[in-house]
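The structure is shown first.

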Amino acid sequence: RIRSCDTGFSLIEVLVTIGIFAMVSSIILASYPRFSNRLLFTRTVQDVAQSIRKAQTYSIGVREFQGFDHPFGVYFSISDIMSEPKQKYIFFADLNDPPNRLYDYGVPEDVLVPERIDLLELPSSIKIVQLCAGKETSPPGNCNISMLHITYKRPAPITYFYSNVGNNAEITDSDVEIIFKDPYGSRKEIVVWKTGQISIKDILP
């Protein structure tokens, strides 16, 4: 004798399944903005580091820009003009003869001048909050810098650092740092060494 048995989900089982699905979905959706921001933050800092590396490559590779013997560099500033509404930094060629290894910015700083090659913007949610010198080799270093020129001049493999302190004085420390902050309070830094190395580090709370 064959017995048939129709099986299915009870109403309670369906409600429990829907509840679990809704809970998991809400957790994923709540975490997505932070996850997306973390990816954007990492990519942005990597792009800035790549700009510094490009200046080094252009200088060593004798890149042509109004001639073949100009140093290349990247200029950072945390002034209001360069920070609002989006943080900006400048990729430049030093056109002075002889070179002064500085970005000769105009007034305001973001105005187009002959030395400027690119005016680059960060996403509005990410800011450069500090410019430092000697933070790695002589902690806590000097973080009272508001302008930073990082310049490469062939054929020397040395990186040149200049700040606004002491009327564009050369920074004698072996390292400088560009410190970034995202909306969630996370911080990263790009460390640039006079010897040419460029690295990215997470700053722990």
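## Cavity

A cavity is a set of grid points where a 1.4 Å probe fits but cannot get out. The model examined here is predicted. A search of the whole structure finds one cavity of 30 Å³ or more. The volume of the largest cavity is about 40 Å³.

Which residues line the largest cavity? The lining consists of Q56, S59, I60, Y152, K153, R154, A156, P157 and I158. Helix α1 contributes the most to this lining, with three residues. Sorted by class, five lining residues are nonpolar, two are polar and two are charged.

## T44 in helix α1

Helix α1 spans residues 11-60, and T44 lies within it. Is T44 buried or exposed? Its relative accessibility is 7%, so T44 counts as buried, the cut-off for buried being under 20%.

Neighbours within four places in sequence set aside, T44 has contacts with L122, P123 and I126.

## Sheet

Five strands make up an open sheet, ordered β5-β4-β8-β9-β10, with antiparallel pairing. At its edges are β5 (142-145) and β10 (198-203), each of which pairs on one side only. On average, neighbouring strands of this sheet are turned by 30° against each other, direction ignored.

Strand β9 (residues 187-193) runs antiparallel to β10, and six bridges join the two. Opposite I190 stands I200, a residue of β10.

Key
Residues are numbered from 1 along each chain as its sequence is written. This is a predicted model: local features need pLDDT of at least 70, side-chain atom pairs count only at pLDDT 80 or more; totals for chains, interfaces and linings use all residues. Side-chain values use heavy atoms; hydrogens and water are left out. Helices (H or I, at least four residues) and strands (E, at least two) are DSSP runs, numbered from the N terminus. Buried means under 20% relative accessible area, exposed over 50%, partly exposed in between (1.4 Å probe, protein chains only). Contact means heavy atoms within 4.5 Å. On a 1 Å grid over the protein atoms alone, a cavity is a set of points where a 1.4 Å probe fits but cannot get out, and a pocket is an open set with protein on both sides within 12 Å along at least five of seven lines; lining residues have an atom within 4 Å of a point. Grid points are joined across faces, edges and corners, and a volume is the space filled by probe spheres set on the points. Ala, Val, Leu, Ile, Met, Phe, Trp, Tyr, Cys and Pro count as nonpolar, Asp, Glu, Lys and Arg as charged, and the others, Gly among them, as polar. Two strands pair if DSSP finds at least two bridges between them. Axes are lines fitted to C-alpha atoms, for helices over the stretch in contact, and angles run from 0 to 180 degrees between N-to-C directions.
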